[in-house]
Amino acid sequence: MMTKYIPILIFCLSFQLFSQSQNELKATIIGSGSPKYNTERAGPSVLMSYKNTNILVDMGNGTQGNLDKLQVKSKDLDALLFTHHHLDHNEEFTPIFIKTLLAAGQFKVVGPRPTTDLVNSVLSNYEEDIAYRLSKKQRTFSDVANNFTVNELEGNQSFTIGDIEISCTPVNHTIATMAYRFDAGGKSIVISGDLSYSESLPALAKQAEYLIIDSGGAIEEGKANNRTGKSKNRGNKEHAHVNLDESSRMANEAQVKNLVLTHLNFNNVDEVATSKALKENYSGSIFYAEDLMTFPKAENNTNTPTQITKKAKNSQAPNFEKMLKRLDTNKDGKIAITESKGKLKENFDKRDANKDGFITENEFGRGK
Ligand SMILES: [Zn+2]
């Protein structure tokens, strides 16, 4: 008799758990990568959620795949925000926009210019396709035309989407770019977008819990001695991204509690060297984004980033384990030449001391 209520009970309980988990403003890194294609890092994207509100900020390559892993559906999205319109940040806008439109909920599209042109070009280029898909459920475009609004941002502004307060400020990059601050339930999270040093950012990010920032200048493993945080972006090259000196100065000025570096060009960040450079100006906590990481960090979260102390302790053979995870496709605990990539492949012979065609942990440590 009671058994028939068990599924209902389970449903109610799990719903309650889900709602509880949304009761704190949360940022989920959907993509932590850069324009460079990377199977382990989707292009830039962050999902902001609080209560029943979900806002997607940027939609780089791989965004849909990672949203699917989290079972976030198009109909769950209340807004699609852009920091700017570099391709790596809006690559998957077209499919996400059309799917959200077909899902028939209300949503907003918000970003700096040319957000309106982009939306209009998608609507015109895919007019027939959208009409065809709508017709499957006996709908026409006029049934959904009022389901979305487009808001092109200029200058400092504040607005509300669902349960989240948002403010934005322009920051310096090569094209019109916005940084966003999200406030809800007494917590605040800021997303910088791509930027070079911008006085507007610390003002926007003042005392935020988390500042998710352009990782410009982050140091790749094995390259720590090639340059310091300050040396990057000097010279005549266009200054599109911060260096570590600039990002840490802005974090310090804003007095943010946690700094999250994202938009990473490579997998193997030298966290020790990078954090050391950042700590010259900034004394809060530092995290390195990976896809599907969430902030604030939960206790015992499996995604908890490696603590700097732990990394330093292992610095003799710092990253063989990581390297294995990434490259050892047949899981035999060593790296074959066919499995190696990049710098490791170039220096394979040097590291493979016994010339058996494999790099073991011992050989990896010695080859440094
Ligand atoms: Zn950019």
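The model is predicted: local features need pLDDT of at least 70, side-chain atom pairs count only at pLDDT 80 or more, and totals for chains, interfaces and linings use all residues. Residues are numbered from 1 along each chain as its sequence is written. Helices (H or I, at least four residues) and strands (E, at least two) are DSSP runs, numbered from the N terminus.

Seven strands form an open sheet with mixed pairing, in the order β6-β5-β4-β3-β2-β1-β14. Its edge strands are β6 (148-153) and β14, each of which pairs on one side only. Two strands pair if DSSP finds at least two bridges between them. Strand β1 (residues 26-31) runs antiparallel to β2 (residues 45-50), joined by 5 bridges. Here K26 stands opposite S49 of β2. Strand β1 also pairs with β14 (residues 294-295), again in the antiparallel sense, over 2 bridges. T28 has T294 of β14 as its bridge partner. Strand β1 is mostly covered, with 6 of its 6 residues buried. A residue is buried if 20 or more other C-beta atoms lie within 10 Å of its own, exposed if 12 or fewer, and partly exposed in between; C-beta atoms are placed from the backbone. Strands β2 and β3 (residues 53-57) pair in the antiparallel sense over 5 bridges. M48 has I55 of β3 as its bridge partner.

Two helices were examined against the sheet. Helix α4 (residues 93-102) lies across β4 (79-81), β5 (107-112) and β6, at about 165 degrees to β4. Helix α5 (residues 115-125) touches β5 and β6, and its direction makes about 145 degrees with that of β6. Axes are lines fitted to C-alpha atoms, for helices over the stretch in contact, and angles run from 0 to 180 degrees between N-to-C directions. Contact requires C-beta atoms, placed from the backbone, to lie within 7 Å.

In α5, T115, L118 and V119 are buried. Seen down the helix axis, the buried residues of α5 fall within an arc of 95 degrees, so they line one face. The arc is that of the directions from the helix axis to the C-beta atoms. Their cover includes α4, β5 and β6. On the other side of α5, D117, N120, S121, S124 and N125 are exposed.

The largest nonpolar core has 72 residues. Such a core is a set of buried Ala, Val, Leu, Ile, Met, Phe, Trp, Tyr and Cys residues joined through C-beta atoms within 7 Å. L80, V190 and L211 have the most contacts inside it. Strand β9 (residues 177-184) gives the largest share, 5 residues. Leaving aside neighbours within four places in sequence, the contacts of L80 include L56, F93, F97 and V109.
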